[in-house]
Amino acid sequence: MSRRRSVPADPVDRTHLPLDEWRLVESRPNGDLGHLETLFATANGYLGMRGTPEEGRDVDSHGTFLNGFHETWQINHAESAFGFARTGQTMISVPDSSVMKLYVDDEPLLLSIADLVEYERWIDFRDGVLRRELIWRTPAGKRVRVSSSRMVSFAQRHLALMTLRVEMLDGDAPIAISSQILNREDFRDDFGAGVDGSPVTDKADPRRTTDFTHRVLEPLQDWHSDRRMLLGYRVANSGMTLAIGADHEVESDALVEQLVDTTADLGRQVVRAELGQGQALTVRKAVAYHSSRSVPHRELFDRCRRTLDRVRGAGFDAQHEEQREYLADFWRSSDVELPGQPAAQQATRWCLFQLAQAAARSDQWGIPAKGVTGSGYEGHYFWDSEIYVVPFLTFTQPRWARNALRFRTNLLPKARERARELNQRGALYPWRTINGDEASAYYAAGTAQYHIDADVAYAFAQYADVTGDLDFQHRDGVQVLVETARMWADLGFWRLRTDGGASFHINGVTGPDEYTTVVNNNMFTNVMARFNLRRAARAVRELREADASAYDVLRVELGLDEMELEQWEDCAEGMHVAKDSSLGIHLQEDRFLEREIWDLSSTPEEAFPLLLNFHPLVIYRFQVLKQADVVLALFLRGSEFTAEEKRADFEYYDPITTGDSSLSAVVQSIMAAEVGHQKAALDYFRAGLFVDLGNLHHNTSDGVHIASAGGVWNALVHGFGGMRHDEGRLSFDPRLPADWPELSFPLTVRASRFRVRLVREEISFTLESGDEIEVTVRGEAVTVGAAGVSVALADQGPLLDDAVLARPVGLGDERADGSIMTSFVPTDPDDPWAYPVADDPDDIIERS
């Protein structure tokens with residue numbers, strides 16, 4: 001029944017993308033344009049540019065994005081109700097400055113039809129520069145070498161640098177380079193699809209972004225001098241402001257003519273020269289982007305000028321060197337090494353590099369689901385960040401993690417407003433948002449995901465435990481923990497049990513699995529809420545002991561009554577987490593087992609993802625999961641469950657999980673490794689590792705799956721490395737895959753960085769900076785110091801037969817209540833015989 005697919009060790013076309021452990025390389029300019037534009041995107045967390053060619057054609061989807069820069073619009077519900085999300089938010093494409101068109105003999109370079117003698121494009125993860133080298137034989141038979149580069153700066157987040165160098169290898173010709181800043185948001189080939197001013201959505205796939213039918217970027221000013229151009233805008237509805245500035249520097253051994261001009265939606269500098277054989281022309285372009293929620297564009301013009309002045313003074317080489325140093329520091333703290341696994345090594349480093357491109361300079365904005373590499377999910381922030389990305393940042397780049405969490409603190413006032421709107425105390429964070437307002441129009445699979453409060457609280461608690469940053473915890477973390485705990489205490493209710501006790505229940509919520517919505521006692525939600533309640537009470541008491549005056553301020557500002565702490569702890573202690581005695585599993589929600597099982601093995605591939613092929617009500621009637629739900633709770637709160645419970649839960653839920661969500665495979669990999677399904681663990685790891693490089697979900701063109709990239713790190717460190725962290729204590733129980741000779745990775749804990757090296761016979765630790773630290777390996781405590789320490793390993797954990805994952809546990813068996821579980825596939829309404837039923841219910845009853 002399981003839909004787990006065995007992903008090859010290297011599913012990438014290596015004739016097109018040759019293998020290189022530190023670079024992504026393209027050998028020819030063809031293939032899936034949208035896919036490649038995402039793979040070769042350059043970004044820093046604030047500014048992102050898709051990997052479109054300098055010529056601006058041929059392209060699947062142009063896009064230059066600024067984190068949080070968005071337009072708002074009214075959500076028009078067919079049937080509205082109180083509390084429905086009212087304000088949609090969509091990240092918009094800012095004017096594109098990547099265009100540097102080349103003409104030789106007045107013929108444009110266009111890769112799709114060009115006669116290319118040589119071609120290579122690559123991005124090196126150590127310098128973050130996208131480069132391209134080609135030799136073009138023009139229609140007149142002249143060979144021209146064209147070299148280009150594009151860099152989005154990590155050190156200066158508002159800055160992008162581009163170069164274009166043209167060299168005549170034989171013959172001579174007039175050369176023209178048209179360097180542009182072009183407003184594509186309001187001038188696109190598909191513009192005008194709607195008529196009422198509302199955004200137009202791709203109805204076939206709700207995960208894609210919207211297109212607007214009104215003027216989005218309202219021009220405020222354009223200006224230019226001999227070397228500089230500036231364009232300023234205001235966003236029509238959101239009121240955000242924007243300025244773009246560009247400087248050009250030209251170098252040539254031939255006479256050069258330059259023309260510069262700006263209009264409301266176009267800035268252009270044209271460079272002309274007559275190049276003889278052996279002569280070259282180089283154009284260097286520095287671009288600055290500055291945005292604001294409200295600052296006048298004139299001030300943003302000044303900020304652009306200051307950014308460009310620094311580049312003019314220091315030069316391009318200095319900026320590139322600063323970039324290399326920045327990334328060298330990143331790799332020292334983050335690089336996961338996989339000797340003997342070149343394909344996995346390249347893919348792992350690509351994923352880690354994407355995390356840097358998504359988070360490094362987000363600087364207290366959130367981390368969008370696609371980073372700033374594409375328009376998928378409209379640039380929204382989800383709970384994905386706190387569960388999949390922030391842990392990587394916490395253990396490798398604590399400052400970036402602090403910034404990501406600070407974003408949630410900044411949204412706390414909006415979260416309080418949303419809680420009031422839904423008749424709750426405390427704060428309720430939106431499921432998807434940019435500006436803090438809930439932007440999900442479908443409440444059942446959106447707003448009902450109350451678990452996001454606990455996910456945010458979990459990230460704050462983990463950050464405090466791992467980094468020891470008590471200043472941040474006492475100023476920011478405790479406020480978030482208090483307000484989210486209040487929401488849980490208010491949302492849940494007490495119910496008397498037959499034994500005379502009482503249990504705390506949470507009804508009407510949706511867990512991470514969006515195929516099971518608005519249910520009672522979602523296991524993941526209850527387990528995470530329990531942790532949230534306990535940590536909030538502990539955080540308040542710790543603040544009271546550490547800083548009495550700060551505690552008094554908190555008590556007054558939040559109207560905190562100390563009796564609340566006892567209430568939270570009572571709610572946590574009484575939290576209802578249901579188990580089924582006949583199957584020995586935790587229930588995903590109260591009535592989950594009452595549903596029929598969806599037969600995934602008989603569902604054709606074209607019917608996935610289910611959300612695009614079946615009405616939600618059809619899906620909701622079955623035991624079928626979009627993504628790991630109970631299994632994710634087992635990972636995040638592993639200390640609260642026994643090894644037997646984890647195995648039983650994993651073996652039950654894994655065969656009915658579709659993996660339609662890119663978030664699922666990495667979590668399934670982690671828990672498969674822990675319980676002993678090690679082949680499944682490797683299969684799931686590869687499914688997460690190559691989500692984008694292999695375009696396994698067929699939607700990488702919408703942008704990088706950032707949470708999945710974060711999950712790759714988690715799968716390596718927590719899954720195969722066996723690392724767990726619980727309230728300040730680190731432990732290791734490794735699961736090295738059978739064909740991997742070695743795995744090593746650095747971790748930073750309370751300002752101490754140490755490297756973990758795992759081979760089959762032992763695990764070793766070496767302190768690289770900071771004070772010594774204590775960890776445990778399978779119950780044995782060891783102290784990690786500069787001299788290093790090793791612990792012998794008898795094995796790599798249990799090895800279980802994956803055959804049990806082939807079909808749901810108990811299918812066709814009579815349960816304690818006399819019921820029998822059956823499996824079924826909803827038929828295609830256009831072809832009732834298209835989807836065969838795997839198990840005839842009568843046959844199952846007869847056999848039982």
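Here is a walk through this structure, from its sheets to its aromatic pairs and its cores. Keep in mind that the model is predicted.

Let's start with the open sheet of nine strands. Read across, its order is S1-S9-S10-S11-S12-S21-S18-S17-S16, and the pairing is antiparallel. Strand S1 (23-26) and strand S16 (217-224) are the edges, each pairing on one side only. Going from one strand to the next, the twist averages 15 degrees.

Inside that order, take a look at S11 and S12. Strand S11 (residues 143-152) runs antiparallel to strand S12 (residues 159-168), and nine bridges join them.

Now move to strand S13 (residues 173-182). Is this strand enclosed or open to the outside? Eight of its ten residues are buried, so S13 is largely enclosed by the rest of the structure. S13 pairs with strand S7 (residues 100-104) in the antiparallel sense over five bridges, with Tyr-103 opposite Ala-176. S13 also pairs with strand S20 (residues 266-275), again antiparallel, this time over ten bridges. There, Ser-178 stands opposite Val-270.

Next, the rings. The model has 28 aromatic pairs. One of them joins Phe-154 and Tyr-326, which are stacked, with 5.5 Å centre to centre and 20 degrees between the planes. What does this pair tie together? Phe-154 sits in the loop between S11 and S12, while Tyr-326 belongs to helix H3 (residues 316-334), so the contact ties together parts that are 172 residues apart in sequence. Phe-154 counts as buried because its relative accessibility is 0%. Tyr-326, at 18%, counts as buried too, because the cut-off is under 20%. Both rings belong to a cluster linked by ring pairs, whose other members include Trp-22, Phe-330, Trp-331, Phe-392 and Trp-713.

Arginines meet rings here as well. The charged end of Arg-121 sits over the ring of Phe-40, 4.3 Å from its centre. Arg-157 lies over the face of Tyr-46, at 4.4 Å from the ring centre.

Both Tyr-46 and Arg-157 turn up again around Ser-362. You'll find Ser-362 in the loop between helix H4 (342-359) and helix H5 (384-396). Is Ser-362 buried or exposed? With a relative accessibility of 1%, Ser-362 counts as buried. Leaving out residues up to four places away in sequence, Ser-362 touches Asn-44, Gly-45, Tyr-46, Asn-67, Arg-157 and Ile-367.

In soluble globular proteins, nonpolar side chains tend to be buried together. The largest core in this model has 230 residues, and those with the most contacts inside it are Tyr-388, Trp-568, Phe-732, Leu-747, Phe-754 and Phe-765. Helix H10 (residues 523-546) supplies the largest share, twelve residues. Apart from this core lies another, of 15 residues, among them Val-129, Met-151, Leu-161 and Cys-304.

Beyond its neighbours within four places in sequence, Tyr-388 is in contact with Trp-383, Leu-632, Leu-663, Val-666, Val-667, Ala-707, Gly-710, Gly-711 and Asn-714.

Definitions and conventions: Residues are numbered from 1 along each chain as its sequence is written. This is a predicted model: local features need pLDDT of at least 70, side-chain atom pairs count only at pLDDT 80 or more; totals for chains, interfaces and linings use all residues. Side-chain values use heavy atoms; hydrogens and water are left out. A nonpolar core is a set of buried Ala, Val, Leu, Ile, Met, Phe, Trp, Tyr and Cys residues joined through side-chain atoms within 4.5 Å. Buried means under 20% relative accessible area, exposed over 50%, partly exposed in between (1.4 Å probe, protein chains only). Helices (H or I, at least four residues) and strands (E, at least two) are DSSP runs, numbered from the N terminus. Contact means heavy atoms within 4.5 Å. Two strands pair if DSSP finds at least two bridges between them. Axes are lines fitted to C-alpha atoms, for helices over the stretch in contact, and angles run from 0 to 180 degrees between N-to-C directions. Rings of Phe, Tyr and Trp (its six-membered ring) pair if their centres lie within 6.5 Å; planes under 30 degrees apart count as stacked, over 60 as edge-to-face and the rest as tilted. A charge sits over a ring if NZ of Lys or CZ of Arg is within 6 Å of the ring centre and within 35 degrees of the ring normal.
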